Amino acid sequence: MSFVLIIGANSDIAKAIAKEYIENGYDIYLAGRNIHALNLFSDELRSLSSRKVIVKELDILDFSAHEKFYANLNKKPIGVISAVGYLGNQDEASQNFIESEKIINTNFTGLVSLLNIISNDFVKRKQGFIVGISSLAGDRGRKSNYIYGSAKGAFTLYLSGLRNKLYSSNIHVMTVKPGFVNTQMTKGMILPKILVSQPEKLAKNIYKAQQKGKNILYSKLLWRILMAIILLLPESYFKKTNL
């Protein structure tokens, strides 16, 4: 079976995705900065399955290392799943560009750098799939997280263009908009339970949607409805909201 490359593999969502693909017969590359944590998780995966699990160090912010990272994968993946994300601190980002830059480069620029390399390889092979986990925060700017939201919005648009470009090369690109997920990132937040997904359920939905060739996946139908309503709000009203 083919390899799937998971980047940002230390996140709770990425770990659930790795287990889902392992259970469905795929070998896995786990890529991220914290090699120690990835090695511990890889041991867990190996205890669940006989599929191959290979750990690779990757810093999404080190653009100059991306070519070498991908070239050093002995067996090129059939698919790549990005679970990279950094929420950051909006208040700090609005005062300190270093924080803004980290948010933007983590959620957008670094991913463009790496996915350009991977997608070019997929085009040569005329096969592959790309799954990018974006965010509902990218659908409309809000004062509470507009730096993060703008980076995710740019990533969503990038994936849309990539989907259009790669379609004729038999490459599937899917955008995931999870909404609230019960992870370390949302730990301590007071969230409406009806809108919160579990990582394991989201991972199953991602796998099924990717296998079916879906273009955009929301974690819950309710999110699709809510975002459609939010996008219809006139700017003259929306700018007065406290979101």
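**View 1. Helices α1 and α2.** The axes of α1 (residues 12-23) and α2 (residues 35-48) come within 11 Å and cross at roughly 25°. Axes are lines fitted to C-alpha atoms over the stretch in contact, with angles from 0 to 180 degrees between N-to-C directions. That makes α1 roughly parallel to α2 (angles under 35 degrees). The model is predicted: local features need pLDDT of at least 70, side-chain atom pairs count only at pLDDT 80 or more, and totals for chains, interfaces and linings use all residues. Residues are numbered from 1 along each chain as its sequence is written, and side-chain values use heavy atoms, without hydrogens or water. Helices (H or I, at least four residues) and strands (E, at least two) are DSSP runs, numbered from the N terminus.

**View 2. Glutamate 20 and lysine 204.** These residues form a salt bridge, with the closest N and O atoms 3.3 Å apart (a side-chain nitrogen of Lys or Arg within 4 Å of a carboxyl oxygen of Asp or Glu). Glutamate 20 lies in α1 and lysine 204 in α7 (residues 199-212), 184 residues apart. Glutamate 20 is buried at 9% relative accessibility, while lysine 204 is partly exposed at 37%. Buried means under 20% relative accessible area, exposed over 50%, and partly exposed in between (1.4 Å probe, protein chains only).

**View 3. Aspartate 27 and arginine 51.** The closest N and O atoms of this salt bridge are 3.0 Å apart. Aspartate 27 is buried at 6%; arginine 51 is partly exposed at 26%.

**View 4. Aspartate 139 and lysine 177.** Here the closest N and O atoms of the salt bridge are 2.9 Å apart. Aspartate 139 is buried at 18%, and lysine 177 is buried at 7%.

Definitions and conventions
Parallel < 35°, antiparallel > 145°, perpendicular 65-115°, else oblique.
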